[in-house]
Amino acid sequence: MRIDYNQVAPNGAKALGGVYGYVLQSGLPTELVDLVYLRISQINNCAYCLDMHTRDLIKLGVKIEKIALVQAWEEGGSLFSEAERAALAWAESVTRVADTGVPDSAYKAARAVFDEKQLVDLTIAISLMNSYNRMAISFRSTPQAVREN
């Protein structure tokens, strides 16, 4: 670990935690949010968050087959609900904003499934996970799997 950002900037870490708390109480399904967090962490190649969100999904009782296919969710068929597919597609577009520009087609597809509040809350969750990924990668947070090894 380069810097323990939670110790160096506890108020900043607390602010991120406040956003995390908001997402938890937003009404979005926990499994959907954790699937989105996992997918974003895959895109950003964040080992710390990949480890954490995989463990979270397992604790929720999500089958390993579904977790294994998050990266290829479009081929996952009925393993993923309509809302999960819409959330994962939106998460990919928003996470890759520099490449996608989050086109109107992505917005329309997400709005076909989510109401305005849900989509704003989902986008807050996506933004938060991208922030956490950048913190963990930049300061080399050690994944639990590595600490246990």
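## Pocket, helix packing and selected residues

Helix 4 contributes the most to the lining of the largest pocket, supplying 4 residues. The structure discussed here is a predicted model, and every value below is computed from it. The largest pocket has a volume of about 250 Å³, and among the 13 residues that line it, those closest to its centre are Tyr-5, Asn-6, Tyr-48, Met-52 and Tyr-132. At least two lining residues come from each of helix 1 (5-8), helix 4 (47-59) and helix 9 (116-138). By class, the lining of the largest pocket consists of 8 nonpolar residues, 4 polar residues and 1 charged residue.

### The contact of helix 4 with helix 9

Two of the helices that supply the lining, helix 4 and helix 9, also pack against each other, at an angle of about 125 degrees and with their axes 8 Å apart. Because angles of 65 to 115 degrees count as roughly perpendicular and those over 145 as roughly antiparallel, the pair is described as oblique. On the side of helix 4 the contact is made by Tyr-48, Cys-49 and His-53, while helix 9 brings Met-129, Tyr-132, Asn-133 and Ala-136. These contact residues divide into 5 nonpolar and 2 polar, with no charged residue.

Leaving aside neighbours within four places in sequence, Tyr-132 is in contact with Leu-16, Gly-17, Tyr-20 and Cys-49.

### Other residues in helices

Asn-130 also lies in helix 9 and, at 9% relative accessibility, counts as buried. Its contacts, not counting residues up to four places away in sequence, are with Ile-40, Asn-44 and Thr-95.

Val-33 is placed in helix 3 and is buried, with a relative accessible area of 7%. When residues up to four places away in sequence are not counted, Val-33 touches Val-23 and Leu-28. Leu-119 is 86 residues from Val-33 along the chain, and the C-alpha atoms of the two are separated by 12 Å.

Arg-111 is partly exposed, with a relative accessible area of 29%. In sequence Arg-111 and Trp-90 are 21 residues apart, whereas in space their C-alpha atoms are 9.8 Å apart.

Val-94 lies in helix 6 (residues 82-95) and is buried, with a relative accessible area of 15%. The contacts of Val-94, again not counting residues up to four places away in sequence, are Val-102, Thr-123 and Ile-126. Val-94 and Asp-51 are 43 residues apart in sequence, with a C-alpha to C-alpha distance of 22 Å.

The C-alpha separations given above are collected here.

| Residue pair | Separation in sequence | C-alpha to C-alpha distance |
|---|---|---|
| Arg-111 and Trp-90 | 21 residues | 9.8 Å |
| Val-33 and Leu-119 | 86 residues | 12 Å |
| Val-94 and Asp-51 | 43 residues | 22 Å |

### Loop residues with positive phi

Most residues other than glycine have a negative phi, and the two that follow are therefore worth noting against that background. Asn-45, in the loop between helix 3 (30-44) and helix 4, has a positive phi near 60 degrees. At 62% relative accessibility Asn-45 counts as exposed, the class that begins over 50%.

Val-102, one of the residues touched by Val-94, has a positive phi of about 45 degrees although it is not a glycine. Val-102 is placed in the loop between helix 7 (97-100) and helix 8 (104-111) and counts as partly exposed, at 22% relative accessibility.

Notes:
Residues numbered from 1 in each chain as written. Predicted model: local features only at pLDDT ≥ 70, side-chain atom pairs only at ≥ 80, totals over all residues. Heavy atoms only, no water. 1 Å grid on protein atoms, 1.4 Å probe; cavity = no way out; pocket = protein on both sides within 12 Å on 5 of 7 lines; lining within 4 Å. Points joined across faces, edges and corners; volume = space filled by probe spheres on them. Nonpolar A, V, L, I, M, F, W, Y, C, P; charged D, E, K, R; others polar. Axes fitted to C-alpha atoms, helices over the stretch in contact; angles between N-to-C directions. Parallel < 35°, antiparallel > 145°, perpendicular 65-115°, else oblique. Contact = heavy atoms within 4.5 Å. Buried < 20%, exposed > 50% of the residue type's maximum accessible area, 1.4 Å probe, protein only.
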